[in-house]
Amino acid sequence: MPKKPEEIIREEVRAAASYHVPDASGMVKLDAMENPYRLPEDVRGQIGAIVAHAEVNRYPDAGASRLKARLRATFGIPGDMGLILGNGSDEIIQMLMLATARPGAVALGLEPSFVMFKLIAAYCGTRFVGVSLGPDFSLDADRMVAALEEHEPAIVFIAYPNNPTGNLFDGGAIDRILRAASGLVVIDEAYHAFAGRTYLTRLADYPNMLVMRTLSKSGLAGLRLGLLIGRREWLEQVDKVRLPYNVGVLTQLVAEQALQHHLMLDEQAAAIKTERTRLYDELARTPGATPFPSDANFILFKTKAAERVFTGLKQRGILVKNLHGAHPALEQCLRVTVGTPEENDRFMHALRAALA
Ligand SMILES: *Cc1c(COP(=O)(O)O)cnc(C)c1O
């Protein structure tokens with residue numbers, strides 16, 4: 001007798017909701033923190049030539065040594081620190097969770113924050129404890145330190161800046177957590193390009209700290225490339241759960257070529273930051289919308305009726321993220337990615353109409 005899914009599939013998997021990606025065809029896509037700017041024509045031409053010569057009949061370089069050297073130089077990764085690449089930083093979170101999922105292990109995170117920390121913990125059978133952010137989405141260090149003492153988590157995740165709130169946490173509060181934690185502390189710097197602040201330069205100070213980065217938010221989301229940086233004694237272990245060829249031939253080649261133009265990517269990030277300021281000011285001036293300050297490439301804002309505004313925007317061809325219902329602190333909140341000046345204008349125009 002063939003068994004049914006409920007007899008075979010693990011309970012935590014069946015209980016989980018699948019990660020829903022909405023259909024965005026024909027829409028102004030402001031829901032997923034992508035960089036709205038494409039690579040320039042000449043760079044795309046160079047990439048085309050490189051791809052034409054790629055040896056896709058061969059497995060990729062399992063250690064991605066050329067790409068890693070390029071990443072080390074571009075991001076100023078300290079030479080004595082290890083580096084692991086993932087198929088996006090999502091895959092790195094999965095590696096970390098797989099490697100730390102001992103029986104009874106706890107993962108600690110903040111709420112509201114990036115949902116994948118909690119989802120992947122559940123898939124790996126690790127109990128996730130979420131500590132609520134304080135008012136204004138600040139990091140409540142006292143509450144975090146108490147949770148560290150109570151649960152002794154194997155791993156702690158801190159998104160810096162945080163998603164979906166957009167703020168950078170206070171450095172003093174993070175330092176207290178780093179000093180109090182006995183397990184790993186992962187600083188997720190997915191939005192580093194828009195924030196400028198980093199813990200990469202502090203790796204020598206904290207033996208159990210790891211720093212995670214991604215190329216997704218700064219122009220290469222389609223490639224899927226994430227980075228984990230930290231002491232070699234930790235990364236040697238995490239690397240064992242990485243599948244041998246997790247970063248493909250084309251991703252390695254294209255990322256390496258695109259990073260030769262990282263100054264151009266930095267300019268795009270600077271343009272997005274300028275637009276972030278303008279968009280924030282416009283939202284702040286709009287009756288019925290209250291934006292929260294952001295150090296990332298998106299803005300969280302509160303409305304009087306998120307569901308209605310979300311639908312109104314969608315009917316006008318604008319896709320944002322509706323966070324109402326995701327967490328009590330996000331009641332009536334929407335999140336908009338900063339787009340091109342034209343996209344932001346279209347968004348503001350549609351928002352005013354949807355609020356009316
Ligand atoms: C988008 C995001 C990621 C995931 O990025 P990928 O590299 O595309 O998997 C990780 N952390 C945070 C906080 C994010 O917002």
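**Ligand pocket and nonpolar cores**

Biologist: Which pocket does the ligand take up?
Modeller: This is a predicted model. Pockets are found over the protein atoms alone. The space that the ligand takes is the largest pocket.

Biologist: How many Å is an oxygen atom of the ligand from an N or O atom in the side chain of Thr-214?
Modeller: For Asn-163, the distance from a ligand oxygen to a side-chain N or O atom is 2.9 Å. For Tyr-191, it is 2.6 Å. For Thr-214, it is 2.5 Å.

Biologist: What share of the ligand's accessible area does the protein cover?
Modeller: On its own, the ligand has 390 Å² of accessible area. The protein covers 94%.

Biologist: Which residues have the most contacts inside the largest nonpolar core?
Modeller: Nonpolar side chains tend to be buried together in soluble globular proteins. The largest core here has 58 residues. A second, separate core has 32, including Met-33 and Leu-351. In the largest core, the most contacts belong to Leu-85, Ile-158 and Ile-174.

Biologist: Which residues does Ile-174 touch, beyond four places away in sequence?
Modeller: Touching takes heavy atoms within 4.5 Å. Residues up to four places away are not counted. That gives Leu-139, Ile-158, Tyr-160, Phe-169, Ile-187 and Tyr-199.

Definitions and conventions:
Residues numbered from 1 in each chain as written. Predicted model: local features only at pLDDT ≥ 70, side-chain atom pairs only at ≥ 80, totals over all residues. Heavy atoms only, no water. Core = buried A, V, L, I, M, F, W, Y, C linked by side-chain atoms within 4.5 Å. Buried < 20%, exposed > 50% of the residue type's maximum accessible area, 1.4 Å probe, protein only. Polar contact = N/O pair within 3.5 Å; in protein donor to acceptor, adjacent residues only side chain to side chain. Areas by Shrake-Rupley, 256 points an atom, 1.4 Å probe, with all protein chains shown as cover. 1 Å grid on protein atoms, 1.4 Å probe; cavity = no way out; pocket = protein on both sides within 12 Å on 5 of 7 lines; lining within 4 Å. Sits in = over half its atoms within 2 Å of the grid points.
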